[in-house]
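Hello,

Here is the structure I promised to pass on to you. Please open it beside this email, and then read on for what turned up in it.

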Amino acid sequence: MTIPFKYNWRNLRVRWRSTLATTLGIALVVAVFVMVMSLARGLRATFLSTGDPRNLLVLRKGAMAESSSQITLDDVRRTKFLDGIARNERAEPLAAAEIIVLITMDRTSGARPTCKCAVSAR
């Protein structure tokens, strides 16, 4: 024996608070899911459309990030003239030695200091 459809509608009307809570809960989950998927798609599109696969980042052995890597000027000079480094019309290597300087700055609110990165080319 099946339950008549009008019993279901009456149940939704009588228990309107739990119906509303369930509806809002499902809507919130769907909204969060859509936002997370949008963020993932945007990040993927950004990472795929920027940069060049021919770019090379040289770090010292064991370094996990640019801020923890230190290489000497001699290492830079040797790396610039390795085979496989692109060159311009005058046969000069298309390479740039860059340095990242971490500085600590006081916050205007007086809270704990923050670390800022200043990038300087060559």
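Helices and strands here are DSSP runs, numbered from the N terminus: a helix is H or I over at least four residues, and a strand is E over at least two. With that in hand, the protein reads α-α-α-β-β along its sequence, which comes to three helices and two strands.

Two notes before you go further. This is a predicted model, where local features need pLDDT of at least 70 and side-chain atom pairs count only at pLDDT 80 or more, while totals for chains, interfaces and linings use all residues. Residues are numbered from 1 along each chain as its sequence is written, and side-chain values use heavy atoms, with hydrogens and water left out.

**Overall shape**

What is the radius of gyration of the protein? It is 29 Å, whereas a compact globule of 122 residues would have one near 14 Å. (That radius is taken over C-alpha atoms, and the globule rule is 2.2 Å times the number of residues to the power 0.38.) Along its principal axes, the C-alpha trace spans about 85 × 45 × 25 Å.

Buried residues make up 3% of the 122 residues. Here buried means under 20% relative accessible area, exposed means over 50%, and partly exposed is in between, using a 1.4 Å probe and protein chains only. The protein exposes about 11600 Å², and carbon and sulfur atoms supply 60% of that area, as found by the Shrake-Rupley method with a 1.4 Å probe.

Contact means heavy atoms within 4.5 Å. Among contacts with a separation of 6 or more, 13% are between residues 24 or more positions apart.

**Charges**

There are 19 positive and 9 negative side chains, and the centres of the two sets lie 24 Å apart. Lys and Arg count as positive and Asp and Glu as negative, with His and the chain ends not counted; each charge is placed at NZ of Lys, CZ of Arg, CG of Asp or CD of Glu.

**An aromatic pair**

How many aromatic pairs does a search of the whole structure find? The search finds one. The ring centres of F5 and W9 are 5.9 Å apart and their planes stand at 85 degrees, so this pair is edge-to-face. (Rings of Phe, Tyr and Trp, the last by its six-membered ring, pair if their centres lie within 6.5 Å; planes under 30 degrees apart count as stacked, over 60 as edge-to-face and the rest as tilted.) F5 and W9 are separated by about one helical turn, because they sit four residues apart in helix 1 (residues 5-14). F5 is exposed at 57% relative accessible area, and W9 is exposed at 51%.

- I3 is in the segment before helix 1 and is exposed, with a relative accessible area of 62%.
- A21 is in helix 2 and is partly exposed at 49%.
- S49 lies in helix 2 (residues 16-49) and counts as exposed at 59% relative accessibility. From S49 to R10 is 54 Å, C-alpha to C-alpha, for 39 residues apart in sequence.
- A91 is in the loop between helix 3 (73-80) and strand 1 (98-105). Most residues other than glycine have a negative phi. A91 is not a glycine, yet its phi is positive, at about 65 degrees.

Happy exploring!
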